[in-house]
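The chain is shown here before the discussion begins.

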Amino acid sequence: EGFPRVDGATQKGRDDTRRKILQDELSTEEKLLEEARQNLKEGEDTPEVYRGQDGKTYRNVAKYEEKIKTLKDQVELHSKNIEALKTELSKLK
């Protein structure tokens, strides 16, 4: 009571704008997820190496694991963002 009402056409316009924004964000997140997955695959295929003072090549396991964790975190972040956006879109009528 006493709360201003919005007419149906105005509300529909607002809902349509919100849906468009959410769909655009979803599309962007899906692209970012695909890039993150590709980066992870490339990262997993490329071990971290360094050349020791003796001239031999060694794997830097700690640096590799840190890089892979960061890449996995990016994949997870974009996946969660996509799920959140899909949830919001499903709430729109």
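How many residues does α1 have, and what distance does α1 reach from its first C-alpha to its last? In this predicted model, α1 has 38 residues and reaches 55 Å between those two atoms, close to the 56 Å expected at 1.5 Å a residue, where the expected span of a helix is 1.5 Å times one less than its number of residues.

## Basis and confidence

Residues are numbered from 1 along each chain as its sequence is written, and side-chain values use heavy atoms, with hydrogens and water left out. In this predicted model, local features need pLDDT of at least 70 and side-chain atom pairs count only at pLDDT 80 or more, whereas totals for chains, interfaces and linings use all residues.

The chain has a mean pLDDT (the predictor's confidence in each residue, from 0 to 100) of 92, and 98% of its residues reach 70 or more.

## Overall form

The secondary structure comes to 2 helices and 2 strands, counted as DSSP runs numbered from the N terminus (helices H or I, at least four residues; strands E, at least two), and from the N terminus on the elements run α-β-β-α. The radius of gyration, 23 Å, is well over the 12 Å that the globule rule gives for 93 residues, so the chain is more spread out than a compact globule; the radius is taken over C-alpha atoms, and the rule is 2.2 Å times the number of residues to the power 0.38. Along the principal axes, the C-alpha atoms fill a box of roughly 80 × 25 × 15 Å.

Helix α2 has 31 residues and reaches 45 Å from its first C-alpha to its last, close to the 45 Å expected at 1.5 Å a residue. Its buried residues (under 20% relative accessible area, with a 1.4 Å probe and protein chains only) include Tyr64, His78 and Ile82, and what covers the buried residues of α2 includes α1 and β2 (57-59). In α1, the buried residues include Arg19, Glu29 and Gly43, and their cover includes α2.

Leaving aside neighbours within four places in sequence, Val75 is in contact (heavy atoms within 4.5 Å) with Leu33, Ala36, Arg37 and Leu40.

Note on methods:
Buried < 20%, exposed > 50% of the residue type's maximum accessible area, 1.4 Å probe, protein only.
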